[in-house]
Amino acid sequence: MVKIVEVSSDTNIGGAGKCLLTLLREIDRNEFDVEVILPKQSLLKPHVKDLGINVTEVDGIADKSLDFAAIGRLVRVLRAIKPDLVHTHASMSARIAARLIGAKIVYTRHSVFEPSPKISKGMGKILNGMVNNASSDGIIAVAEAAKDNLVKTGVSSRKIEVILNGVSPVKEAEEKEIPKLYKRFGIKNGEKIVSVIARLEDIKGHEYFIDAADILLKRGINAKFVIAGTGSYEDTLKEKVKAMGLEDDVIFTGFIPDVGSLLNITYIQVNASYGTEATSLALLEGMSLGIPAVVSDFGGNPGVIHDGENGFVVRKQDAVRLAEALEKLLCDEELYGEMSLRAGKIFYEEFTAKAMTDKTEELYRRVLKIRKGE
């Protein structure tokens, strides 16, 4: 049996943590014996343990990539576990420790953002490339844009494999539950809901979503616009909505532990990010229910939403184009129906949890130079 250690530095459960949990749920336990290393008090711990997987907590890795003091601790833990391969999620400390004990190394780049000139030009690029190439045997980029970011910083394209995120499909609510869900969010039963599910940060583009909502409402489009999530930009966004007089039409839900409850009554999803976006798990979950989306052309969005097929891709930071695309879907039921069918089809062809896990397992085998079943 192949011994795998997954290392995450996350204390909260974000997109990377959700992807890790999905991988742990789906991985073939008959072939791979998996353990997990987490920082102390990580919210991921109980979820991992519920899967029957051993967790070791290590000081000094919480929410940071590199801590020299943590490397020694990780070396001791890894020597005790004796893994064949260490898969890290945002932990350079774990990569160094894995190299020191002679294990193979895979790491996943979960984010997409324009790299700093300090590591994408001149000597900085050369040094960054040397470090990352030396500290990995295989690299997973969760979007083509993530791969492009890595290559710009000197990482060898030969080591990078694009493996798109996958999720389990959202359970479709029973018909009798739908009116209760509308009531829960303070919306009249049957109203068309346009939702954006993302952290409330300035780079997520919520202000353009609000401006697009204002444009559509002034055109007489009957819809409700829902913003789900929390973050440092929440007060700013609420002040904007109040100043525009949109409090009855733009609804803030706060954090929703069961995103499927909102998705089950969502008509269209929006992702307006312009600063960081890999593969939005919320978009994938919506697609599993046949929900089309309108997204910005930033990061991994165009890899999820195929323009004109399961939604529309519009120029980032452009509320007018966003409103125009939403209006097409809100007002053309035939077009909406076609895109809804394609959304479900594309999800089951490309973005299932099994598809992501199968490709990850195959990368493990390739790095370890083994065949399935050996």
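Which elements cover the buried residues of helix 1? Among them are strand 1 (2-8), strand 2 (32-39), helix 2 (45-50), strand 4 (85-89), helix 12 and helix 16 (353-368). This is a predicted model, in which local features need pLDDT of at least 70 and side-chain atom pairs count only at pLDDT 80 or more, while totals for chains, interfaces and linings use all residues. Residues are numbered from 1 along each chain as its sequence is written, and side-chain values use heavy atoms, with hydrogens and water left out.

**Overall chain**

- The chain has 16 helices and 13 strands; helices (H or I, at least four residues) and strands (E, at least two) are DSSP runs, numbered from the N terminus.
- For 374 residues, a compact globule would have a radius of gyration near 21 Å, and the 22 Å of the chain agrees with this. The radius is taken over C-alpha atoms, and the globule rule is 2.2 Å times the number of residues to the power 0.38.
- Along the principal axes, the C-alpha atoms fill a box of roughly 65 × 50 × 35 Å.
- Of the 374 residues, 54% count as buried, where buried means under 20% relative accessible area, exposed over 50%, and partly exposed in between (1.4 Å probe, protein chains only).
- Among contacts (heavy atoms within 4.5 Å) with a separation of 6 or more, 68% join residues 24 or more positions apart.

- An open sheet is formed by 6 strands in the order 10-9-8-11-12-13, with parallel pairing; two strands pair if DSSP finds at least two bridges between them.
- Strand 10 (250-254) and strand 13 (311-314) are the edge strands, each pairing on one side only.
- Neighbouring strands of this sheet are turned by 20 degrees against each other on average, direction ignored.
- Strand 8 (residues 193-197) and strand 9 (residues 224-228) run parallel and are joined by 5 bridges; S195 stands opposite V226 in strand 9.
- Helix 12 (residues 281-288) packs on the sheet, touching strand 8, strand 11 (268-271) and strand 12 (293-296), and its direction makes about 165 degrees with that of strand 11. Axes are lines fitted to C-alpha atoms, for helices over the stretch in contact, and angles run from 0 to 180 degrees between N-to-C directions.

- The 12 residues of helix 1 (residues 15-26) should span 16 Å at 1.5 Å a residue, and the end C-alpha atoms are 17 Å apart, which agrees. The expected span is 1.5 Å times one less than the number of residues.
- The buried residues of helix 1 include G17, C19, L20 and L21.
- Helix 9 (residues 206-218) has 13 residues and reaches 19 Å from its first C-alpha to its last, close to the 18 Å expected.
- Buried residues of helix 9 include H206, Y208, F209 and L216, and their cover includes strand 8, strand 9, helix 10 (234-243) and helix 14 (319-331).
- G220, which follows helix 9, has a positive phi near 85 degrees.

**Two buried residues**

- S91 lies in the loop between strand 4 and helix 4 (92-101) and is buried, with a relative accessible area of 2%.
- Leaving aside neighbours within four places in sequence, S91 is in contact with V7 and S65.
- I346 lies in helix 15 (residues 333-350) and counts as buried at 6% relative accessibility.
- I346 and S288 are 58 residues apart in sequence and 8.8 Å apart in space, C-alpha to C-alpha.
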